[in-house]
Amino acid sequence: MRSLTLHLKVLITVLVLLGVMVTAYQIFFLGIPVTEDETDDLWNIDAKVEFVASSKDPVKVQMFVPPLNRDYVSLNESFISNNYGVSVNRADGNRKVTWSARRANGNQTLYYRLVLTKRYSTEKAAIKGATFRDSLAVDGPEKVAAEALMAPIRQHSADVETFVGETIKRVNNLNDDNVKLLLAGDTSAQNKARVVDLLLSIAHVPMEKVHTIRLVADTPQSPELWLRSFNGNDWLYFNPDTGEQGLPNDRLLWWTGDDNLVTVDGGKKANVTFSLNNSEMNAIRLAKLTDENTDADFLEYSLYSLPLQTQQTFMIMVMIPIGVLVILVLRNLIGIQTLGTFTPVLIALAFRETQLGFGIMLFTVITALGLSLRSYLEHLKLQMLPRLSVVLTFVVVLIAAISLFSHKLGLERGLSVALFPMVILTMTIERLSITWEERGGGHAMKVAIGTLFAASLAHLLMMVPELVYFVFTFPAVLLVLVGFMLAMGRYRGYRLTELVRFKAFLKKADA
Amino acid sequence: MFGLIKTWKALEARGIMGINRRNADYVLKYNKRNLYPVVDDKIITKERAMAAGIHVPEMFGVIETEKEIDKLEQIIGGRSDFVIKPAQGAGGDGILVVADRFEDRYRTVSGKIISHEEIEHQVSSILTGLYSLGGHRDRALIEYRVTPDQIFKSISYEGVPDIRIIVLMGYPVMAMLRLPTRQSGGKANLHQGAIGVGVDLATGVTLRGTWLNRIISKHPDTTNSVDGVQLPNWDGFMKLAANCYELCGLGYIGVDMVLDQDKGPLILELNARPGLNIQIANDCGLTQRTHAIEAHLEALAKDGITEDAEQRVKVAQGLFGHVLGH
């Protein structure tokens with residue numbers, strides 16, 4: 001007995017843990033939304049390349065496009081151009097698109113469009129970077145100024161992170177004579193970055209220029225320069241103007257290195273303008289889109305990979321255990337009497353088609369008429385099977401009649417009654433009638449009302465859209481339910497109705 | 001809410017057994033599924049009992065097929081009173097008790113006059129499984145109609161009062177006398193309106209009763225007191241009940257017995273899921289008593305002793321008897 005209890009406890013724990021863990025994995029690691037209404041930002045980035053082609057030479061336009069190996073997932077990428085050949089290639093962690101044409105004339109416009117989202121990004125690829133480099137050649141007064149700057153920087157820093165930050169701060173201090181000398185009057189971000197690069201190279205700290213786009217809607221912008229350095233584990237990003245560390249979340253890395261965004265052979269006046277806008281998208285639809293567009297197939301083994309029609313069937317099916325749970329609680333915890341064990345669940349399923357109020361009405365009408373027929377048949381002394389057949393046929397005729405009448409009256413809802421499970425209705429009538437005879441009308445009414453109540457409750461719960469979505473998306477929840485049901489299997493406490501039933505004991509105790 | 005918790009605590013303190021506890025701790029634990037047919041099928045019970053030399057009402061015949069319904073006349077023979085039962089009926093449903101013949105017709109115990117065709121229809125309904133537990137085909141059993149002992153005349157309305165004893169592993173735990181009322185239609189089932197009267201295990205003297213979940217001390221039809229009545233041959237009943245453990249092998253059963261005025265104590269049927277109202281009739285919870293028996297069994301198992309029916313009755317009477325003194 002005790003070993004059985006232990007066995008059961010272990011089983012329940014395993015099932016519940018498994019259910020919770022699978023669900024948690026889906027929610028926290030795969031990022032599957034918990035509710036259907038959850039939405040996610042979807043960014044639409046357009047880069048418009050304009051240039052003037054010279055009529056003599058072939059045209060070749062090269063532009064960097066985001067490498068997309070960090071944080072973001074691309075849902076759609078397109079290169080829009082007339083009469084241009086397009087090819088994309090990767091080099092040094094950058095991605096470059098090349099448009100080429102033999103002949104072009106006048107103003108040319110090319111488009112690059114990218115749709116991306118932050119959710120459902122796969123794990124980051126292993127990051128590699130250099131941690132050492134040779135010093136850049138420098139001499140004369142620059143060398144002296146650079147070394148003069150280096151001494152306090154070394155003093156005020158402890159590691160790569162603080163060293164880079166300190167360097168950038170020093171370079172931005174325009175009152176410093178050494179800085180003035182190195183900048184040579186040019187205080188652009190580009191030039192500052194060059195000086196920072198120079199200083200860091202003296203200390204053999206590697207540094208890379210990063211060009212980013214800010215994910216902000218409807219604001220004209222050009223790529224923003226950031227600096228980054230590899231500390232052995234991860235890239236550290238620095239703002240070249242302030243020395244602040246850390247790349248804000250809304251920055252999208254477009255390319256790295258010293259090269260320009262766009263290079264045009266056989267053309268001039270190249271210009272790139274960015275326009276961004278964002279839209280919100282239902283998170284679960286986004287998940288499906290992501291699943292199709294990337295090799296992150298986290299929905300592959302979920303119910304969403306089934307054909308749509310089958311999915312709808314399963315949306316109903318996965319709710320049946322919830323309905324069964326309702327019956328279990330009502331019967332074993334509360335002590336409500338129902339006809340049969342799972343009849344209420346089947347009736348609840350029938351309510352799906354008829355709606356609750358109408359369903360209860362139909363159920364009552366058909367059962368009442370069926371009962372009166374049954375009591376009439378009682379006088380004829382028929383055997384069980386023929387009698388049941390007569391009742392079933394009567395139920396079918398009744399349902400047909402109700403459908404016909406309601407159709408003539410223009411109540412389309414009446415037609416849904418056809419889906420009422422007739423055999424269940426017949427059995428309900430039969431059992432109710434036996435209960436009526438054996439235990440009296442009062443008891444039969446009690447059982448019938450209990451059945452309807454259980455069915456309604458199960459129906460209402462099975463129809464909650466959030467619950468349907470949750471169970472359908474995280475079917476492992478059913479394991480938790482099984483755990484609860486197993487625990488209920490050894491529940492020995494009183495049923496709620498028993499508290500009333502045994503009240504006689506207490507009355508005496510009071511007296 | 002607090003009221004409910006208070007009720008819960010109070011019931012728990014008195015050791016009142018609920019359905020969930022009965023099912024989990026007793027029915028499922030002590031009753032092996034494969035032995036159920038022995039108690040669920042009254043014909044098998046009867047055959048086993050007869051083989052073991054335990055007294056049961058005489059079986060006149062069994063009808064198994066529709067064809068055999070023709071034999072009904074022959075089975076009944078010239079008898080004017082008999083009982084027709086479904087072999088696998090539950091809760092006393094489908095039982096027809098014929099008390100007398102009236103011209104060509106029969107009179108049931110409740111005074112209703114029925115024709116032979118109606119009896120045949122009843123048998124047919126039984127065969128199709130209308131009253132059987134799972135709804136599957138059943139057999140009909142025609143047997144001796146018990147005439148209750150005169151002792152019950154004063155406290156019973158009509159029908160046959162029976163004695164239910166709950167037996168755990170062969171030890172009688174609690175006993176109740178069930179008296180039919182006008183409302184129960186001559187049937188001795190509590191949910192149909194019969195009265196349950198507690199019985200002292202040691203002496204066989206009745207205690208107060210329960211009717212429709214209430215505690216009563218008078219019969220609602222006869223207004224005679226139901227308590228303080230000495231049941232005759234009580235030790236015979238106790239031994240009969242204790243013997244039923246060996247008979248069927250089920251550890252937790254309700255044994256239903258009657259006292260026939262000619263044949264003495266007879267076993268009517270066994271029940272693998274005995275009801276809980278017996279607690280109200282005895283004004284006592286079952287859990288404490290079953291725990292006492294379980295403790296006793298554990299002690300015996302340690303010493304490697306097993307007790308026979310007579311010893312078990314003594315133990316039970318010693319443990320649970322003489323409640324009147326309290």
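How far apart should the end C-alpha atoms of helix 3 of chain A be, at 1.5 Å a residue? I looked this up in a predicted model.

**Entry: helix 3**

I took helix 3 of chain A as residues 160-172, which makes 13 residues.

Next I asked which residues of helix 3 of chain A are buried. I noted Val164(A), Gly165(A), Thr167(A), Ile168(A), Arg170(A) and Val171(A). An α-helix has 3.6 residues a turn, so residues three or four places apart point the same way. I then looked up what the buried residues of helix 3 of chain A pack against. The list holds three helices of chain A, namely helix 2 (141-155), helix 4 (177-183) and helix 5 (189-202). It also holds strand 8 (224-230) and strand 9 (235-238) of chain A.

I followed an open sheet of four strands in chain A and wrote down the order 3-6-1-12, with antiparallel pairing. Strand 3 (73-80) and strand 12 (267-282) of chain A are the edge strands, as each pairs on one side only. From one strand to the next, the twist averages 15°.

Within this sheet I looked at strand 1 of chain A, residues 39-53. Strand 1 and strand 12 of chain A are antiparallel and pair over 14 bridges. I picked out Asn44(A), whose bridge partner in strand 12 of chain A is Asn277(A).

**Entry: the sheet with strand 4**

I traced another open sheet of four strands in chain A, in the order 4-5-2-11 and again with antiparallel pairing. Its edge strands are strand 4 (85-91) and strand 11 (262-265) of chain A, each pairing on one side only. Here the twist averages 20° from one strand to the next.

Strand 4 of chain A is joined to strand 5 of chain A (residues 94-101) by seven bridges, and the two run antiparallel.

**Entry: helices 8 and 9**

How do helix 8 (residues 320-334) and helix 9 (residues 343-354) of chain A cross? I noted that their axes come within 9 Å and cross at roughly 130°. Helix 8 and helix 9 of chain A are therefore oblique to each other, since an angle over 145 degrees would be needed to count as roughly antiparallel. The crossing of helix 8 and helix 9 of chain A is right-handed. On the helix 8 side, I listed Ile320(A), Gly323(A), Val324(A) and Ile327(A) as making the contact. On the helix 9 side, I listed Pro344(A), Val345(A) and Ala348(A).

Key: Residues are numbered from 1 along each chain as its sequence is written. Chains are lettered from A and ligands numbered from 1 in the order in which they are written. This is a predicted model: local features need pLDDT of at least 70, side-chain atom pairs count only at pLDDT 80 or more; totals for chains, interfaces and linings use all residues. The expected span of a helix is 1.5 Å times one less than its number of residues. A residue is buried if 20 or more other C-beta atoms lie within 10 Å of its own, exposed if 12 or fewer, and partly exposed in between; C-beta atoms are placed from the backbone. Two residues are in contact if their C-beta atoms, placed from the backbone, lie within 7 Å. Two strands pair if DSSP finds at least two bridges between them. Axes are lines fitted to C-alpha atoms, for helices over the stretch in contact, and angles run from 0 to 180 degrees between N-to-C directions. Angles under 35 degrees count as roughly parallel, over 145 as roughly antiparallel, 65 to 115 as roughly perpendicular and the rest as oblique. A crossing is left-handed if the near helix is turned anticlockwise from the far one by less than a right angle, and right-handed if clockwise.
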